[in-house]
Amino acid sequence: MIPESAGATPYGIFLLADDYLSAAKLASRDPKIGTGPVRLMTYHAAELFLKTYMRSAGETIEVLRSLGHDLEKMVVRAKSLGLKLPAQIFAQSRKLSANNDYVRARYVVTRERTDISDESVLRYCQTIRSSVIEALNMDELGVPQGDH
């Protein structure tokens with residue numbers, strides 16, 4: 001059996017996150033695909049981008065797993081490890097957590113007026129991605145460009 005942590009290098013996690021973000025962008029343009037899959041893939045990509053940074057800062061798989069799927073906790077933890085994120089990322093993370101949006105995207109088909117739009121969720125993830133790229137001195141493909 002392949003261990004769960006196989007390939008869980010920062011670069012490996014980044015590549016997987018990019019795949020989820022690309023899939024979310026494609027799905028968002030397909031009128032046959034609803035908002036749930038788009039949001040779920042986007043949230044998962046954001047989670048993986050944050051884990052890319054935390055893993056590069058030395059966090060173990062066990063610590064990353066202990067954060068569950070709580071994006072707010074991940075944003076706070078990544079910040080405590082030195083990741084610079086715009087204030088709106090913290091505000092959106094709190095709102096997503098307060099609305100239980102990660103779980104609702106998986107199981108609920110109705111939208112609330114207070115939900116963050118799919119476009120905003122995609123921008124949220126893209127902003128996290130950009131912050132991680134800058135912090136880890138990567139190119140746009142996630143390839144390290146020297147020291148970070």
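1. Helices (H or I, at least four residues) and strands (E, at least two) are DSSP runs, numbered from the N terminus.

2. A word on the model before we go on. This is a predicted model, where local features need pLDDT of at least 70 and side-chain atom pairs count only at pLDDT 80 or more, while totals for chains, interfaces and linings use all residues. Residues are numbered from 1 along each chain as its sequence is written, and side-chain values use heavy atoms, with hydrogens and water left out.

3. Let us stay with Pro144 for a moment. Is Pro144 buried, exposed or partly exposed? Pro144 counts as partly exposed because its relative accessibility is 48%; buried means under 20% relative accessible area, exposed over 50%, and partly exposed in between (1.4 Å probe, protein chains only). Not counting residues up to four places away in sequence, Pro144 touches Tyr11, Asn137 and Met138, where contact means heavy atoms within 4.5 Å. Pro144 and Ser131 are 13 residues apart along the chain, and their C-alpha atoms are separated by 14 Å.

4. As background, in soluble globular proteins nonpolar side chains tend to be buried together.

5. Leaving aside neighbours within four places in sequence, Leu71 is in contact with Tyr43, Ala46, Glu47, Leu50, Ser93, Leu96, Tyr102 and Tyr124.

6. Next, look at Arg129, in helix α7. Arg129 counts as buried because its relative accessibility is 6%. Beyond residues up to four places away in sequence, Arg129 touches Phe14, Asp18, Leu21, Phe49 and Glu140. With Asp18, Arg129 forms a salt bridge at 2.6 Å, N to O; a salt bridge is a side-chain nitrogen of Lys or Arg within 4 Å of a carboxyl oxygen of Asp or Glu. Since Arg129 lies in helix α7 and Asp18 in helix α1, the pair ties together parts that are 111 residues apart in sequence. Both Arg129 and Asp18 are buried.

7. Arg129 has another salt-bridge partner. Glu140 forms a salt bridge with Arg129, the closest N and O atoms being 2.9 Å apart. Glu140 lies in the segment after α7 and Arg129 in helix α7, so this pair ties together parts that are eleven residues apart in sequence. Glu140 is exposed, with a relative accessible area of 52%. The side chain of Arg129 also reaches the backbone oxygen of Glu140 at 2.5 Å. That is a polar contact: a pair of N or O atoms within 3.5 Å, where, within protein, one must be able to donate a hydrogen and the other to accept it, and residues adjacent in sequence count only if both atoms are side-chain atoms.

8. How many salt bridges are there by this rule? The count comes to seven. Among them is the pair Asp101 and Arg104, with the closest N and O atoms 3.0 Å apart. Asp101 and Arg104 are separated by about one helical turn because they are three residues apart in helix α6. Asp101 is buried, as is Arg104. A network of salt bridges links Arg39, Asp101, Arg104 and Asp118.

9. Ser131 is also in helix α7. With a relative accessible area of 11%, Ser131 is buried. A polar atom of the Ser131 side chain lies 3.4 Å from the backbone oxygen of Lys84. Apart from neighbours within four places in sequence, Ser131 is in contact with Leu83, Lys84, Leu85 and Pro86.

10. Last, the surface. Val103, Tyr107 and Val108 form a nonpolar patch there, with about 270 Å² of accessible area together. Patches are made of residues with over 30% relative accessible area and no salt bridge: like charges are joined within 9 Å, nonpolar side chains (Val, Leu, Ile, Met, Phe, Trp, Tyr) within 5 Å. Accessible areas come from the Shrake-Rupley method with a 1.4 Å probe, and for residues only the protein chains shown count as cover. Val108 is in the loop between α6 (101–107) and α7 (118–135), and counts as partly exposed at 37% relative accessibility.
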